[in-house]
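Reader: Hi! Could you walk me through this structure?
Author: Happy to, ask away.

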Amino acid sequence: MEIKQNNPTLNAIISIYEQAKDSKFSQSFLESIKKDTITLQQYFKLDEDESLLLALFIAIQLEEDNVDLQKLAAHIDCSKLKILSFKTIIDNFFQLGILAKEQGNIRMRLMGSQSISYMVNRVLMDAILDHKPMPIITKATPKDIFELLELVYKLGLERDDRKVDTFRILTCLVEYLEANAHFPLVSKMNEFDLEIQNKFIFLHVTWKSVTGSSSVDVFRMMEGISDNNACRYSELQKFLDGENELVAHNLLEVNPAVMTTDTTCQLTDNAFQILHDCGLNLKKINKHRKDIIKPEDIKVKELIFSDVELSHIQTLEKLIEETSFQQMQTRLSDKGLPTGISILFHGAPGTGKTEIAKQLARKTNRELMHVNISECKTMWFGESEKIVKKIFTDYKAYSKDTKTHPILFFNEADAIISKRKELRGSNVEQTENAIQNILLEELENFQGILIATTNLVNNIDPAFGRRFLFKIKFQPSCTSNRANIWKLKLPHLTNKQANQLAQSFAFSGGQIDNIFRKKEIAELLYGESVDFDKIIGFCKEETLQQTVNSIGFRTITTN
């Protein structure tokens with residue numbers, strides 16, 4: 001066996017193999033191979049005994065094509081019984097996929113004329129011979145297509161951590177697909193005769209869709225496959241030019257961005273149909289999203305508004321009722337006008353802006369896609385823009401899966417629609433302006449229903465004013481409306497008491513809700529009804545202007 005001077009892993013294996021000849025695993029032998037064993041421990045990430053045994057298995061296989069315990073015992077010059085003391089390690093190698101059993105003819109083995117033979121994992125053997133890093137060793141025996149998709153995804157994570165290179169990833173994928181050709185999706189992919197790299201990409205995007213991400217960052221995905229930066233840019237350009245096989249076969253569609261490295265891709269309707277035919281109903285899987293509020297989950301809540309506000313709300317409800325909305329989109333489209341509806345609710349806090357958005361969704365039987373504004377302004381520079389872009393990409397993809405357009409809901413949107421800042425070299429200012437530019441562009445081409453709320457309309461950038469077709473102001477309730485809200489929340493109040501509260505405290509509906517909640521909690525804790533005087537006390541606490549110290553629900557007067 002020729003020793004390669006530039007391959008320390010293979011050199012250590014050969015050294016151990018040669019010194020193990022007739023050694024009987026003596027103490028002097030174990031001492032002599034100490035340095036070689038350490039080398040292999042660092043490569044295999046195994047302990048001393050495991051590294052020694054695996055080295056012998058590899059060397060014997062290189063010499064004789066396969067290895068069994070009889071060959072191993074003969075080389076060391078010891079009994080098979082001594083070798084059996086390593087059975088636990090051997091079984092573990094088998095479970096990890098490092099070894100595979102070559103059992104041969106069962107009848108002959110039962111007669112004792114043939115022992116179990118083992119083969120070292122081919123990917124591991126190739127890595128050692130080619131002086132490559134320790135590869136991923138995973139038994140390609142997933143029980144279903146979802147486990148296979150996850151295995152493929154984890155290959156990309158391993159490359160991210162630089163544990164393996166592109167060649168090893170794609171070699172592993174070939175093995176996975178060959179071992180799982182019985183899965184309908186694998187069989188279907190073979191019909192397209194895709195390059196192995198594009199098979200990886202398709203499976204990766206499919207897994208991301210399974211786990212709730214309707215679009216995938218193309219360049220980021222290529223980082224999980226390719227070692228070479230130039231190759232990543234080359235593949236990205238193929239996506240943008242429509243030259244990638246997956247785009248050409250109508251399996252993936254591309255969402256270009258201002259910065260080419262922000263380009264995303266997603267499964268096409270054709271791909272979803274193929275996956276459905278192969279047993280993966282991703283549209284059904286993606287229904288269970290945490291950011292989606294179902295109309296049936298929104299509780300009925302009676303709200304009191306002024307006549308003007310009520311008229312606007314009734315107009316919106318009629319407009320976004322499905323039949324009217326479809327007719328409106330057709331009419332606007334025929335006239336070459338944008339077909340989306342963007343609505344801004346603005347006014348003082350607690351005036352019902354958020355709740356009316358939910359009630360409109362409930363009444364028109366539309367799902368509400370709630371946007372977490374804080375996630376749009378992530379601390380990681382350069383990611384915020386991608387997150388905002390992804391919100392609209394996800395909305396577009398999700399809308400295709402629903403019978404009616406959901407409502408895209410930006411609650412308390414001040415943080416992303418406020419006046420743009422003058423650029424003074426700050427990364428934060430640049431990021432915030434970039435977010436707003438993307439949002440303005442998306443609103444310009446929006447085709448669904450969007451509702452945003454804000455308490456600070458005077459701070460809104462003028463460019464956003466034009467993007468919102470409907471702008472409805474919610475005023476603080478007048479005295480008579482406040483009295484009606486008090487009676488609605490606390491029916492046991494007399495008209496005189498309700499009017500007294502309305503005149504004494506200029507509360508919003510949200511603040512009156514707080515009083516109602518405190519009254520309910522107090523009755524639960526103390527087991528007694530809350531009288532009018534205590535309601536007055538709660539109101540004084542709510543104003544944050546009382547001159548008494550308050551603890552919990554009881555007012556304690558200080559002397």
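**Loops, helices and cores**

Author: Let's begin with K45, which lies in the loop between α3 (34–44) and α4 (48–64). Helices (H or I, at least four residues) and strands (E, at least two) are DSSP runs, numbered from the N terminus. One caution: this is a predicted model, where local features need pLDDT of at least 70 and side-chain atom pairs count only at pLDDT 80 or more, while totals for chains, interfaces and linings use all residues. Residues are numbered from 1 along each chain as its sequence is written, and side-chain values use heavy atoms, with hydrogens and water left out.

Reader: Thanks! Is K45 buried or exposed?
Author: K45 is exposed, with a relative accessible area of 64%. Buried means under 20% relative accessible area, exposed over 50%, and partly exposed in between (1.4 Å probe, protein chains only).

Reader: And what is the phi of K45?
Author: Phi of K45 is near 60 degrees, a positive value in a residue other than glycine. N365 also has a positive phi and is not glycine; its value is near 55 degrees. You can find N365 in the loop between α21 (353–363) and β9 (368–371), and at 54% relative accessibility N365 counts as exposed.

Reader: Let me zoom out. How many helices and strands does the protein chain have?
Author: The protein chain has 30 helices and 14 strands. Of its 559 residues, 47% are buried. Take the contacts (heavy atoms within 4.5 Å) between residues at least 6 apart in sequence: 66% of them join residues at least 24 apart.

Reader: Which residues of helix α12 are buried?
Author: In α12 (residues 184–192), the buried residues are L185, V186 and M189. They sit on the same side of α12, because they cover an arc of only 100 degrees around the axis. That arc is the one of the directions from the helix axis to the C-beta atoms. After α12 comes D193, with a positive phi near 55 degrees.

Reader: Now helix packing. What describes two packed helices?
Author: The angle between their axes and the distance between the axes. Axes are lines fitted to C-alpha atoms, for helices over the stretch in contact, and angles run from 0 to 180 degrees between N-to-C directions.

Reader: Then at what angle do the axes of α11 and α13 cross?
Author: The axes of α11 (residues 166–179) and α13 (residues 196–210) cross at roughly 75 degrees and come within 10 Å. That makes α11 roughly perpendicular to α13. On the cut-offs, angles under 35 degrees count as roughly parallel, over 145 as roughly antiparallel, 65 to 115 as roughly perpendicular and the rest as oblique.

Reader: Which residues meet there?
Author: From α11 there are I169, L170, L173, V174 and L177, and they meet I196, Q197, K199, F200 and L203 in α13. The residues of this contact divide into eight nonpolar, one polar and one charged. Here Ala, Val, Leu, Ile, Met, Phe, Trp, Tyr, Cys and Pro count as nonpolar, Asp, Glu, Lys and Arg as charged, and the others, Gly among them, as polar.

Reader: What about α19 and α20, how far apart are their axes?
Author: The axes of α19 (residues 307–320) and α20 (residues 322–334) are 5 Å apart, and the helices pack at an angle of about 75 degrees. α19 and α20 are therefore roughly perpendicular to each other. K318, L319 and I320 in α19 meet E322, S324, F325 and M328 in α20.

Reader: New topic! How many residues are in the largest nonpolar core?
Author: The largest nonpolar core has 46 residues, and those with the most contacts inside it are I201, F202, L252 and L267. A nonpolar core is a set of buried Ala, Val, Leu, Ile, Met, Phe, Trp, Tyr and Cys residues joined through side-chain atoms within 4.5 Å.

Reader: Which helix gives the most to this core?
Author: That is α13, with seven residues.

Reader: And what is I201 in contact with?
Author: Leaving aside its neighbours within four places in sequence, I201 is in contact with M221, M222, I225, F239, L246 and L252. Apart from this core lies another, of 44 residues, among them A55, L99, Y118 and V120.

Reader: Last one: where is F305?
Author: F305 lies in the loop between β7 (292–293) and α19, and at 10% relative accessibility F305 counts as buried. Not counting residues up to four places away in sequence, F305 touches several residues, including L310, I313 and F474. F305 and S477 are 172 residues apart in sequence and 7.3 Å apart in space, C-alpha to C-alpha.
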